[in-house]
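Biologist: Hey, I've just been handed this one and could use a quick tour. Can you put it up on the screen?
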Amino acid sequence: MVRVLWRAAGAGAGLAGGFFCAAAWTARAETPLVDVVFLGTGSSVSVPSLTCLLGDNPCKVCQGAAEGDRNQRRNPSLLLKVPGEHGQRGSNVLVDCGKTFRDGAVTFFRKHGVRYIDSVVLTHAHADAIMGLDDIRDVQECLQRGDPATGTPHKMKTTHVYTDPFCQSVLRGMLPYLFPQPVKDGEAPRFTSTINWHTFDSPAPLSIHGLKVVPLKVEHGKGYVTYGFQFETPKYRFVYLSDLSSIPEATDALLSDGRRIDILVIDSLFKTRPHPTHFNFPTALETVKRYRPVKTYLTGMSHDFDYYTFNTELRALRDTDGVDIEMPYDGLHLRLPLL
């Protein structure tokens, strides 16, 4: 299903708090759209949980996920397809590249016409956000084929990777071959990703393929800094907060500055149980009520959440709490106006 979100005149009234939402909507030709695909909406161990599935009494959620229903959830990740100009191909931006990146790419990239990843933005240095980076070499555009006989390497189009300095230092130690390395005399060249590394700090904005991207500093357990991202266009504000346990004052001030948040994607590991490094659903709900986004999607969900029953509970919150929250599923496709 594709959902195209248009803001109604006099936003705030009508379906989804001012949006007209439609499946497979044909957009006006003059309005460029950013495609957003949820590549993963699960926890760091994904769903199904192996502990649950391989145990004596696996839960209904994990059994269904193992069979490929909408409870199957990979590591949290987004794909943003930014349209090109003047007949040029668009750009593909990946948010996080974790352990399940390859599986998500196999499952969803052909469906959405994705051959290459042009840029990656990383939230933090945990395995569920970075351990798929080795596979970026398989989704880079080859500009010129190398020659194994002469040892001439492939010439690849560079992929840009954006991280905070700490995350980049972790990656340099963990995956040193992804950073520029001189080839020693007599040493065979290796086929690895061609990456241009960038560092950021919150809240200085980045410009990535025409998108304004604002890093949002949050805590992922006491003393551990991670980042969310705010994607902005002249008329649209999309906020992604995938791994957090608290929101510092500076980030809270930015998110509550009076400007409308059109879509919020927010961490929600457990339905009720607290966790030292993640929001649970009650905390996520409190945050939604504070910022009042037009539409909210949960992410980072464990097998506590059943897509087929919990969404019914969430719909009731529109009437009782005035909030529109939904459990997405891996592969959910949104189309957002770029201008």
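Biologist: Where is Pro-48 found?
Modeller: Pro-48 is in the loop between β3 (33-40) and α1 (50-53). Those labels come from DSSP runs numbered from the N terminus: helices are H or I with at least four residues, strands are E with at least two. The peptide bond from Val-47 to Pro-48 is cis, with omega near 15 degrees.
Biologist: And what about the bond that joins Ser-202 and Pro-203?
Modeller: That peptide bond is cis too, and its omega is about 0 degrees. Pro-203 sits in the loop between β10 (195-199) and β11 (206-208).
Biologist: Before we go on, what am I looking at, and how are things counted?
Modeller: This is a predicted model, where local features need pLDDT of at least 70, side-chain atom pairs count only at pLDDT 80 or more, and totals for chains, interfaces and linings use all residues. Residues are numbered from 1 along each chain as its sequence is written, and side-chain values use heavy atoms, with hydrogens and water left out.
Biologist: Switching topic: how many salt bridges does the structure hold?
Modeller: There are 19 salt bridges. A pair counts when a side-chain nitrogen of Lys or Arg is within 4 Å of a carboxyl oxygen of Asp or Glu.
Biologist: Which residue does Arg-290 pair with?
Modeller: Arg-290 forms a salt bridge with Asp-252, and the closest N and O atoms are 2.7 Å apart. Arg-290 is in helix α7 and Asp-252 in helix α6, so the pair ties together parts that are 38 residues apart in sequence. Asp-252 is buried, at 18% relative accessible area.
Biologist: What does Arg-237 bridge to?
Modeller: Arg-237 forms a salt bridge with Asp-257, with 3.4 Å between the closest N and O atoms. This pair links distant parts of the chain: Arg-237 belongs to strand β14 (residues 236-241), while Asp-257 is in the loop between α6 (249-255) and β15, 20 residues apart.
Biologist: Which residues are in the network of salt bridges?
Modeller: Lys-212, Glu-232, Arg-237, Asp-257 and Arg-259 are linked in that network.
Biologist: Now helix α8. How many residues does it have?
Modeller: Helix α8 (residues 307-320) has 14 residues and reaches 20 Å from its first C-alpha to its last, close to the 20 Å expected at 1.5 Å a residue. The expected span is 1.5 Å times one less than the number of residues.
Biologist: Which residues of α8 are buried?
Modeller: Tyr-307, Phe-310, Asn-311, Leu-314 and Leu-317 are the buried ones. They cover an arc of only 105 degrees around the axis, which puts them on the same side of α8. The arc is that of the directions from the helix axis to the C-beta atoms.
Biologist: Why do residues three or four places apart point the same way?
Modeller: An α-helix has 3.6 residues a turn, so residues at that spacing point the same way.
Biologist: What covers the buried residues of α8?
Modeller: The cover includes α7 (281-291), β16 (295-299) and β17 (325-326), with contact meaning heavy atoms within 4.5 Å. On the other side of α8, Asp-319 and Thr-320 are exposed.
Biologist: And what follows α8?
Modeller: Gly-322 follows α8, and its phi is positive, near 70 degrees.

Notes
Buried means under 20% relative accessible area, exposed over 50%, partly exposed in between (1.4 Å probe, protein chains only).
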